[in-house]
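The sequence and structure come first, followed by the notes.

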Protein chains: 4
Amino acid sequence: MYSFKNDYSEGAHPRILEALINANLTQNDGYGLDGHSENARELIRKAVGQADADVHFISGGTQTNLLAIASALRPYQAAVCAHTGHINVHETGAIEGTGHKVLAIRSADGKLTPAMVDGCVREHTDEHMVQPKLVYISDSTEVGTVYTKEELAALYHYCRQHDLFLFLDGARLGAALTAKGNDLTLPDIAALTDMFYIGGTKNGALFGEALVILNPELKKDFRYMTKNRGAMLAKGFVAGIQFEELFSDDLYFELATHANEMAGILKEGIRALGYPFHSDSPTNQQFVILPDDLVAKLEEQYRFETSGKPDGSHTVIRLVTSWATPEKAVREFLDTLKKLTDPARM
Amino acid sequence: MYSFKNDYSEGAHPRILEALINANLTQNDGYGLDGHSENARELIRKAVGQADADVHFISGGTQTNLLAIASALRPYQAAVCAHTGHINVHETGAIEGTGHKVLAIRSADGKLTPAMVDGCVREHTDEHMVQPKLVYISDSTEVGTVYTKEELAALYHYCRQHDLFLFLDGARLGAALTAKGNDLTLPDIAALTDMFYIGGTKNGALFGEALVILNPELKKDFRYMTKNRGAMLAKGFVAGIQFEELFSDDLYFELATHANEMAGILKEGIRALGYPFHSDSPTNQQFVILPDDLVAKLEEQYRFETSGKPDGSHTVIRLVTSWATPEKAVREFLDTLKKLTDPARM
Amino acid sequence: MYSFKNDYSEGAHPRILEALINANLTQNDGYGLDGHSENARELIRKAVGQADADVHFISGGTQTNLLAIASALRPYQAAVCAHTGHINVHETGAIEGTGHKVLAIRSADGKLTPAMVDGCVREHTDEHMVQPKLVYISDSTEVGTVYTKEELAALYHYCRQHDLFLFLDGARLGAALTAKGNDLTLPDIAALTDMFYIGGTKNGALFGEALVILNPELKKDFRYMTKNRGAMLAKGFVAGIQFEELFSDDLYFELATHANEMAGILKEGIRALGYPFHSDSPTNQQFVILPDDLVAKLEEQYRFETSGKPDGSHTVIRLVTSWATPEKAVREFLDTLKKLTDPARM
Amino acid sequence: MYSFKNDYSEGAHPRILEALINANLTQNDGYGLDGHSENARELIRKAVGQADADVHFISGGTQTNLLAIASALRPYQAAVCAHTGHINVHETGAIEGTGHKVLAIRSADGKLTPAMVDGCVREHTDEHMVQPKLVYISDSTEVGTVYTKEELAALYHYCRQHDLFLFLDGARLGAALTAKGNDLTLPDIAALTDMFYIGGTKNGALFGEALVILNPELKKDFRYMTKNRGAMLAKGFVAGIQFEELFSDDLYFELATHANEMAGILKEGIRALGYPFHSDSPTNQQFVILPDDLVAKLEEQYRFETSGKPDGSHTVIRLVTSWATPEKAVREFLDTLKKLTDPARM
């Protein structure tokens with residue numbers, strides 16, 4: 001049964017596996033101090049256009065978020081995010097586990113604006129309340145939307161003015177940067193955040209995220225922090241080799257482009273059948289509102305997550321494509337959906 | 001320059017890579033809920049002889065230690081270990097980072113005895129002091145030694161009597177169980193601890209440790225704990241596939257046996273040259289005491305760690321072999337050492 | 001300038017000071033193991049009607065909350081509360097500082113119902129989300145309202161059914177239990193919660209809260225926990241003596257009754273002048289909605305907190321009375337307000 | 001039965017109680033923002049000779065230690081102390097509870113030297129180990145000894161050179177500064193540490209310690225930190241009034257002088273009877289080595305703590321005097337000891 005549950009159902013892109021095989025028996029130093037990791041860091045520094053950026057490879061997204069945020073904040077400081085933010089909902093209290101409150105702001109499209117952050121900042125006036133100090137955003141967001149350059153610049157400007165750090169969770173950054181309508185580049189993101197990460201797990205790697213630290217204040221002793229939280233991999237080179245391959249040429253963007261294209265076919269086909277979407281996503285996650293009975297029938301043939309019920313008779317389903325999704329699977333899904341759709345509807 | 005720095009300098013055993021390649025494009029559920037992981041868990045349950053054991057795959061040793069210990073203890077409870085214990089010295093305060101004191105007991109051979117633990121327990125008499133609640137041991141230890149069945153049974157018996165958990169760090173468990181003189185088996189260890197882990201990173205995997213929880217008290221909600229600390233891998237199947245391969249037949253033990261054999265050749269050869277050892281290790285770590293000038297010359301041709309100075313003119317060097325160490329490298333090292341050794345010495 | 005800012009502006013009720021003076025030079029054991037503390041614990045056990053209750057004296061409310069909650073929860077578990085809950089807003093992330101997420105539910109009157117908690121519980125379905133485990137309520141609430149016996153019983157029943165702990169913050173419990181319309185007693189509260197505290201700081205003590213633990217699961221090693229968080233007072237008897245006095249006869253309730261009566265006079269007088277209230281409080285906190293210019297004039301003669309703006313031209317002011325508030329001060333405030341009020345209004 | 005168990009067996013010095021009574025019904029702002037607290041801070045700034053010092057009143061010693069240390073350190077940093085240090089032994093893992101390792105160095109007299117700290121610093125070479133960042137000392141120490149000006153200056157100089165903070169636990173600072181042989185003053189201590197605290201609980205207050213922060217790096221947002229750990233007292237003025245009284249004239253030093261004098265009489269008398277001391281203490285704690293049978297007889301008439309057994313037939317007893325110890329009690333103790341002593345011994 002084909003799965004649209006997520007973008008981490010398959011292993012790694014074949015080129016990455018090949019790179020791992022080629023390097024397999026050559027000895028490397030441990031803990032990310034090897035040549036592959038250094039080369040991968042250098043490739044990323046070039047790709048983001050910041051020769052001084054610090055780059056750290058971490059095994060997964062939640063770990064990257066908790067390390068980055070715990071390293072940036074003092075004990076009484078808080079992270080601000082959209083209520084849909086991954087750190088708020090889907091990390092089992094990992095940020096609170098490091099001692100920090102997450103201040104969630106209701107957001108219709110999964111994004112934050114300066115005005116929304118400002119409301120939160122103004123509410124926190126003295127030492128009886130936490131001190132908002134870091135703004136967490138995701139691009140693409142948890143509902144598939146993306147930031148424009150103007151939006152990100154406005155947010156970063158606000159953060160600079162109010163002495164806040166801006167941290168961008170890029171678990172699906174590839175999908176964001178290759179989305180229709182996106183006008184941001186990696187160098188833009190590096191110029192408009194204090195730190196961000198480039199997700200590998202959801203874009204063709206076996207595992208691994210590349211945290212990029214731009215703000216010098218946040219760079220100090222990050223390797224100590226990493227080890228302290230159990231996040232330093234002994235065979236760090238295994239992550240390094242993967243990012244070396246992803247950034248040796250445009251592989252990272254090619255993989256994301258494919259995922260978005262497959263999602264685009266889904267979106268167009270579903271829209272043609274007349275079904276509404278929960279969010280207007282140009283990326284590899286599509287949130288479709290379907291009648292409950294149709295969802296039940298689809299579940300007999302496909303695997304996917306559901307994501308809430310807008311009313312008593314409808315369900316939002318989430319369809320996720322990846323670098324590995326074959327066009328055939330997407331077309332077959334649309335055929336199935338068409339067959340299950342009442343002809344009167346169209 | 002050949003490296004004896006550690007047992008995680010190379011990638012994975014070729015059979016593991018092959019298994020990853022074969023499974024690469026088949027879709028799997030995320031977060032370790034896939035068939036490979038379940039199969040690997042089942043294989044490990046059989047290997048340890050406990051059908052009810054819980055098995056969790058974690059990316060590295062420090063993370064496994066901190067998860068296991070933080071999950072077992074209440075805030076005011078402490079872990080007891082040898083002063084050489086990895087959690088005491090080489091984890092950048094990861095255990096304290098979860099809020100727990102590490103009570104270190106001086107140990108000449110890296111091992112703990114009931115008497116040593118008892119001294120610590122007796123010193124902690126009331127609520128003004130931490131409450132010792134978990135005993136942490138390593139097998140093989142950080143200085144290469146191993147526990148006998150009698151020693152482990154005595155420690156476990158003591159822990160049972162005093163309501164303490166016994167946790168065994170098996171980062172190098174393969175090396176311990178295949179060491180000359182070892183009389184412990186995996187089922188013994190499962191019967192004589194509350195939880196332990198089977199190290200993959202240092203025995204042929206790209207990464208990964210298999211935490212085995214025996215005591216029912218410690219099983220509850222461990223997946224919540226794992227996610228809370230950022231340790232749940234999205235592509236959990238990548239760890240599952242590796243342990244599936246390591247435990248499909250005796251691969252796990254074959255790899256460790258090889259590492260020990262290579263270390264045995266080193267040990268014999270070095271002893272024949274008349275150099276003393278810092279500890280009597282039957283496993284893949286050898287700690288040799290050499291004159292400082294000799295160490296300097298060796299460093300021109302080999303890479304290895306040093307581990308303290310017993311006096312003003314000598315240094316302890318650590319030589320580590322692995323599943324990937326070629327016998328040729330070992331023989332050449334001995335030849336080099338012989339050439340550098342004053343003939344008068346022998 | 002008279003202050004209605006809070007109920008902790010003055011020292012202690014004279015009888016408490018006298019008790020401290022009388023006991024001053026008699027030697028006591030430290031850390032709450034003295035006769036006064038034991039006697040106070042016994043008096044409280046009798047007052048709550050539970051001979052097995054554990055009672056601990058803690059110096060303040062935030063500390064009591066964090067100790068109680070951190071002691072009850074495992075690392076991935078969360079506390080559920082109203083969005084107005086003290087732990088959510090006014091404790092500078094103290095609960096998160098112990099590693100636990102606070103799940104805030106929007107509440108119009110500062111209270112929680114089983115349906116509200118159930119919505120939160122149902123949303124948290126698996127190990128990718130925190131596990132709601134403790135329900136935190138306040139009585140009286142942060143907006144001055146009180147629970148009825150039926151409401152508390154329903155909530156406790158829900159918690160029992162869903163394996164949740166119910167913890168009641170009684171910083172202003174005296175005010176709640178002596179409020180007009182209240183039908184709860186101390187024994188009721190002890191029968192319908194897993195733990196709660198009896199606030200002393202805001203009801204006539206120099207400092208001190210009495211945490212009462214009913215559920216045996218929550219009793220174990222609480223003194224270890226207390227010391228671990230720096231909350232164990234060397235001169236614990238200073239707290240014991242105060243609670244001995246408060247519970248020797250009905251002093252605790254007399255003091256709260258006075259505070260409520262003073263607030264009742266304010267409420268009646270303000271209502272007579274035609275001003276609306278932000279919440280319908282029968283206790284010693286009154287939240288009044290006044291025109292901004294009137295607030296500005298009042299601030300020239302009185303001290304009080306403001307608590308948000310319902311619209312562009314009005315402000316909510318909070319008036320708090322205490323055991324020490326003279327009726328004269330209350331009458332004068334009403335006179336002032338009357339003079340400042342446009343006669344046309346009434 | 002008279003108790004020499006500790007210096008916190010009695011309430012407060014009568015002048016302090018009187019000050020509390022006098023101020024009792026005057027309204028004050030909460031949370032230490034009142035006039036008494038401000039006046040007390042100003043008196044302490046004058047007494048320590050640093051107009052810019054930040055002063056915070058905290059309810060107890062463990063809480064002060066954990067606040068100060070947690071505020072100063074980043075997550076992977078550690079505190080260095082003597083193995084006898086209060087934070088290492090008698091705070092139930094409070095420092096580890098904030099996430100930080102305590103690195104304990106064996107010390108014969110409870111004090112640290114630059115050489116001792118340097119050994120610890122040199123051992124911690126990279127990110128696999130914690131980073132020593134704060135040196136914790138006590139004056140007087142846990143075994144009653146005191147630092148000389150030369151010793152403290154050397155330690156501070158070492159800390160400055162190695163970018164370490166020096167924090168002095170002054171739970172018994174009064175006893176240290178009034179001890180025979182002491183050459184340190186409050187201004188010296190303020191000039192030779194980054195922060196320290198002046199203990200009130202053990203020197204005549206009902207409770208309270210005054211944390212003095214000298215290093216500007218450590219001052220930022222300390223009130224947030226205080227509230228975050230539940231350490232901010234609503235009636236902060238109760239602490240302020242007490243320190244106002246202690247530092248209005250030389251009361252603080254007079255009380256400590258008395259305690260030391262009483263201990264001096266004990267010391268002289270015991271020495272005359274021929275009993276040896278476990279440490280050479282010029283302060284209000286005396287550690288005496290007595291035969292076990294004598295200890296048993298003394299326990300029938302006096303209360304005191306024991307502190308280990310130097311051999312199979314002797315016990316160390318700790319005798320503590322305080323501001324409230326009557327000379328009569330001390331003389332009677334000596335008489336009793338004399339009577340219990342075998343005449344042949346003297």
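## Strand 3 of chain C

C:Q77 has C:Q131, in strand 5 of chain C, as its bridge partner. The model is a predicted one. Strand 3 of chain C and strand 5 (residues 131-138) of chain C run parallel and are joined by four bridges.

Strand 3 of chain C is also joined to strand 4 (residues 102-105) of chain C, again by four bridges and in the parallel sense. Here C:C81 stands opposite C:A104 of strand 4. Strand 3 of chain C (residues 77-82) is mostly covered, with six of its six residues buried. Strands of a sheet pair through backbone hydrogen bonds, and they do so either parallel or antiparallel.

## The sheet in chain A

In chain A, seven strands make up an open sheet, and their order is 2-8-7-6-5-3-4. The pairing in this sheet is mixed. Strand 2 (54-58) and strand 4 (102-105) of chain A are the edge strands, each pairing on one side only. On average, neighbouring strands of the sheet are turned by 25 degrees against each other, direction ignored.

Within the sheet, strand 6 (residues 165-169) of chain A pairs with strand 7 (residues 195-199) of chain A in the parallel sense, over two bridges. A:L168 has A:F196, in strand 7 of chain A, as its bridge partner. Helix 3 (residues 61-72) of chain A packs on the sheet. The strands of chain A that helix 3 touches are strand 2, strand 3 (77-82), strand 5 (131-138), strand 6, strand 7 and strand 8 (209-213). The direction of helix 3 makes about 175 degrees with that of strand 6 of chain A.

## Domains of chain A

Chain A is divided into domain 1, made of 2-6 + 252-345, and domain 2, made of 14-250. The centres of the two domains of chain A, taken over C-alpha atoms, are separated by 28 Å.

Which parts of chain A supply the side of domain 1 that touches domain 2? Helix 12 (251-272) and strand 9 (285-291) of chain A each supply at least two residues of that side. Helix 12 of chain A gives the most, with eight residues. In total, 18 residues of domain 1 of chain A are in contact with 21 residues of domain 2 of chain A. The residues on the domain 1 side divide into eight nonpolar, eight polar and two charged.

## Chains B and C

Chain B is superposed on chain C by a rotation of 180 degrees with 0.0 Å of shift along its axis, at an RMSD of 0.0 Å. That is the relation of a two-fold axis. B:R74 is the residue of chain B that comes closest to the rotation axis, with its C-alpha at 4.0 Å. The same surface serves both copies, as 100% of the contact residues of chain B recur in chain C.

The contact takes 13 residues from chain B and 13 residues from chain C. On the chain B side, helix 10 (residues 222-228) of chain B gives the most, with five residues. That side divides into five nonpolar, three polar and five charged residues.

## Chains C and D

Between these chains, 40 residues of chain C are in contact with 39 residues of chain D. Helix 1 (14-23), helix 3 (61-72), helix 5 (94-97) and helix 10 (222-228) of chain C each supply at least two residues of the chain C side. Helix 1 of chain C accounts for the largest share of that side, four residues. The residues of the chain C side divide into 17 nonpolar, 18 polar and five charged.

Definitions and conventions:
Residues are numbered from 1 along each chain as its sequence is written. Chains are lettered from A and ligands numbered from 1 in the order in which they are written. This is a predicted model: local features need pLDDT of at least 70, side-chain atom pairs count only at pLDDT 80 or more; totals for chains, interfaces and linings use all residues. Two residues are in contact if their C-beta atoms, placed from the backbone, lie within 7 Å. Ala, Val, Leu, Ile, Met, Phe, Trp, Tyr, Cys and Pro count as nonpolar, Asp, Glu, Lys and Arg as charged, and the others, Gly among them, as polar. Two strands pair if DSSP finds at least two bridges between them. Axes are lines fitted to C-alpha atoms, for helices over the stretch in contact, and angles run from 0 to 180 degrees between N-to-C directions. Copies are superposed by least squares on the C-alpha atoms of residues with pLDDT of at least 70 in both. A residue is buried if 20 or more other C-beta atoms lie within 10 Å of its own, exposed if 12 or fewer, and partly exposed in between; C-beta atoms are placed from the backbone. Domain bounds come from an automatic or database domain assignment.
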